[in-house]
Amino acid sequence: MDVRAQVSMVFHLDKCIGCHTCSVACKNIWTDRRGAEYMWWNNVETKPGTGYPTKWEDQDIYKGGWEKNGNSVSLKGAGKLKGLKNIFHNPHMPVLEDYYHPWAYKYQDLFTAPEGDDQPIGRAVSLVTGEPIDIKSGPNWDDDLSGTPDYARKDVNFKDLSPSEQEAMFQLEQMTFHYLPRICNHCLNPACVGSCPSGALYKRGEDGVVLINQDRCRAWRMCVTACPYKKSYYNWHTGKSEKCILCYPRLESGQAPACMHSCVGRIRYLGVMLYDADKIEAVASCNENELVQKQLDIYLDPNDPKVIEEARKAGVHDSTIEAAQRSPVYKFVKEWGIALPLHPEFRTIPNLFYVPPMLPAMAQVDGDGTYQTASEKMFPGIDQNRLPMKYLASLFTAGDTARVTEVYEKLMSVKLHRRNTTVGDMSDEEVKELMAKSKVNADTADAIFRLTSLATFEERFVIPPEHREESIEMLEATADAKGETGFGFKMRPERGA
Amino acid sequence: MMHIIVCIVFRNLLLPSNFEEQFTLSDMRILRLLSISAGLILGGQLISIPASAQDGEALFKANCASCHKLSSKRLVGPGLEGINEKRSEEWLISWIKDPMKMVNDGDAEAVAIFEEYNKLPMTAFGFLSDDEIKAMLAIIPGKPAAAEGATAEAEEEEPVAPMEYTEEDAIAGQLLFTGESRFVNSGPSCVTCHHVSFPGVMSGGLLAKDLTDVHGRLLDAGVSSIISAPPFPAMADAYNGKSLTDEEVLQLTAFFKTVNNNSPEQADTSSMGFIQLLGGGFIGLIVWLVIIYAMWSYRKKESVKADIFKRQLKGNDSVNS
């Protein structure tokens, strides 16, 4: 057993209102620079939709992620032979138009235009060339299902749905959408790290944050192709690739990442997970139907004495183990089992989990042919969910509809239980039946409700002390700076047990 | 001191007494600057001491002798005997200072000489003063009283004796040229500044002229005289006090002759070979392009939004869903 710590995230999709505050907070801090204008390390997509960059989930186009290769995995778009073959041209890269052409407006023209017959306008100019451009698309052009024929109908997750099922989703009475905020998953088996010919990408030992060393990056852009989530971006100005850094300077000083801190709906949770690094290869290369379960099994119980002992032996700090015990992510993912990874079939073992959205139930057609938008029951069954389970399974469980249904049953149990507790207009039998079926008892349901709806800042973000002083001691003699005032810690770092 | 005097004289001579009053202060400043600088130039001219006959000989040796003889015999350039009678002094001075300017300006006599000597330009001696040139011209002898025809015949009768050298000399010359063997007086090897196209000789410097066809233009006499006493300022500097021995001059001359005989312009170029090369290259290119196409045919060829953008064009509203 090789126990390591990983800072992981949960996004509660039921709470996301698609306001893009997270994206803007991230943009203002990290990507408001020349060459990074088109990058959105954090972006919010509408599902169904094709996302950003367009059709990023379609690995037939972008060749991202890993493929099962016997008892191991190999990269779909990179590797020694493929790397040599494509050394001068990386053939599956997204082009700028696949993201969008970044632009600004010449606002000054509104004030300085000479008097004329027409109103002055601020023309759109490219942020790349500075020339006037016709805006063709943006990073969230398909927001709230706009441009449905071009975007939503071409969602890659429809591959398992029959044409009639797809058609049904776009009938006015059934049409629905939810948001999917995305950042880098800081995967346990990161394809970007595996693909880099320069060894510029690495996964930090103490918290598992995946970073690109800007000094070593040689602009091969293999990581851009390899990342199946398309969360590694090439900066055309600096000639280096960049990606979400999980705001590690904030983490190191005990603050939540900017996207999470600014989240209006408070949908984001962050905490440490302990995992067994020896199992990574086995998990990444297992059969597709086992992927979710095996991934969940790789995370260890931080309260298990054996795990604690192994963790200490592997050099995980006690304060990190303690943070793992309080981790909200561990609760959502392991204890309650209501959060799922996004596209586990890419085999990168992502550490960002999503609580799937409870979407409005389908309307019913009455005998006289009118649509009854409210069902007879307060909460109709999940089989009447407007988004087909097949679609959600394609997003979260590599096509395993049973597992998604299981999660929805748990979520529905919580809903029914809370309604029954606070209002008391549900039939006790019905509630008990579903709770028994989904194996959620009253205490668990209350705990889920509490962490979902009433969680405080400290409950949502359990950030372990990063102990950078220990990392620094490996690289330089800290005695040289002894007695000087340091920077970067909001909380006093703890030493020893 | 001299400059100041000249400057004052210059101003008093050129400017009417009330002249200054017609100008503003700033104009005056510029004028003063102009007159001072003009004065400096004039002063510089005036203080140079007139050159004597002795200087004339020394100057001629240093600057002219490598290409010109004082007799009527041709070396690289024409023999200068009787030149003072043939051309006016003014013409000679301006010619010596910048010959190509005269040719370019279309002076009939200058163009004629240029054409006669295979468009081989004479070095410009802009750094010589008028007095120095006059001193040199003074030592050039006049034409002897003998009839012109006889002189011409005499010239034809005694052509310049060809230099005697062997293949070994040429090989030794090549080694000297490339620097594989050193000059006795430790002058720099030719390849430092010069290039020749000759098998076995690495490409040389680009600082000075390509010498591949130098022998064809200047022949033995010209080549050897330039090598033994370089007329070009940079080259003269480089070999100042390190002049080549007669044997080295002979060997290099032999080498240049071999190079000229083997130069690509004179090589028998087969047009068939060229066509084969072109055809082979074209076929090779096609084969290579086919391989490239086959190897990378699966690449992502356009933006995934290409069809969306196409639909956005005016007058094309059909939606493919």
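# A friendly briefing on chains A and B

Chain B exposes about 20,600 Å², and carbon and sulfur atoms supply 60% of that; accessible areas come from the Shrake-Rupley method with a 1.4 Å probe, where for residues only the protein chains shown count as cover. This is a predicted model, in which local features need pLDDT of at least 70 and side-chain atom pairs count only at pLDDT 80 or more, while totals for chains, interfaces and linings use all residues. Side-chain values use heavy atoms, with hydrogens and water left out, residues are numbered from 1 along each chain as its sequence is written, and chains are lettered from A and ligands numbered from 1 in the order in which they are written.

**Chain B as a whole**

- Chain B has 15 helices and zero strands; both are DSSP runs numbered from the N terminus, with helices being H or I of at least four residues and strands E of at least two.
- Of its 321 residues, 31% count as buried, a word that stands for under 20% relative accessible area, with exposed meaning over 50% and partly exposed in between (1.4 Å probe, protein chains only).
- Take the contacts in chain B between residues at least 6 apart in sequence: 63% of these join residues at least 24 apart, where contact means heavy atoms within 4.5 Å.

**A nonpolar patch**

- A nonpolar patch on the surface has about 960 Å² of accessible area together, and its members include B:Phe282, B:Trp288, B:Ile291 and B:Met295.
- Patches are made of residues with over 30% relative accessible area and no salt bridge, joining like charges within 9 Å and nonpolar side chains (Val, Leu, Ile, Met, Phe, Trp, Tyr) within 5 Å.
- B:Ile291 sits in helix α14 (residues 271-295) of chain B and is partly exposed, with a relative accessible area of 36%.

**Where chain B meets chain A**

- On the chain B side, 16 residues are in contact with 23 residues of chain A.
- About 1,700 Å² is buried between the two chains, and carbon and sulfur atoms give 55% of this; buried area is the accessible area (1.4 Å probe) that two parts lose on being put together, summed over both.
- In chain B, the residues that lose the most area to chain A are B:Lys300, B:Val304 and B:Lys305, together 35% of what that side buries.
- The interface has 14 residue pairs in polar contact, both residues at pLDDT 80 or more.
- A polar contact is a pair of N or O atoms within 3.5 Å; within protein, one must be able to donate a hydrogen and the other to accept it, and residues adjacent in sequence count only if both atoms are side-chain atoms.
- Helix α15 (residues 306-312) of chain B gives the largest share of the side that touches chain A, namely five residues.

**Salt bridges**

- The whole structure holds 25 salt bridges over all chains, each being a side-chain nitrogen of Lys or Arg within 4 Å of a carboxyl oxygen of Asp or Glu.
- Three salt bridges are counted between chain B and chain A.
- One of them pairs A:Asp150 with B:Arg311, their closest N and O atoms being 2.3 Å apart.
- A:Lys154 forms a salt bridge with B:Asp307, with the closest N and O atoms 3.0 Å apart.
- A:Lys154 lies in the loop between β6 and α6 of chain A and B:Asp307 in helix α15 of chain B, so this pair joins two chains.
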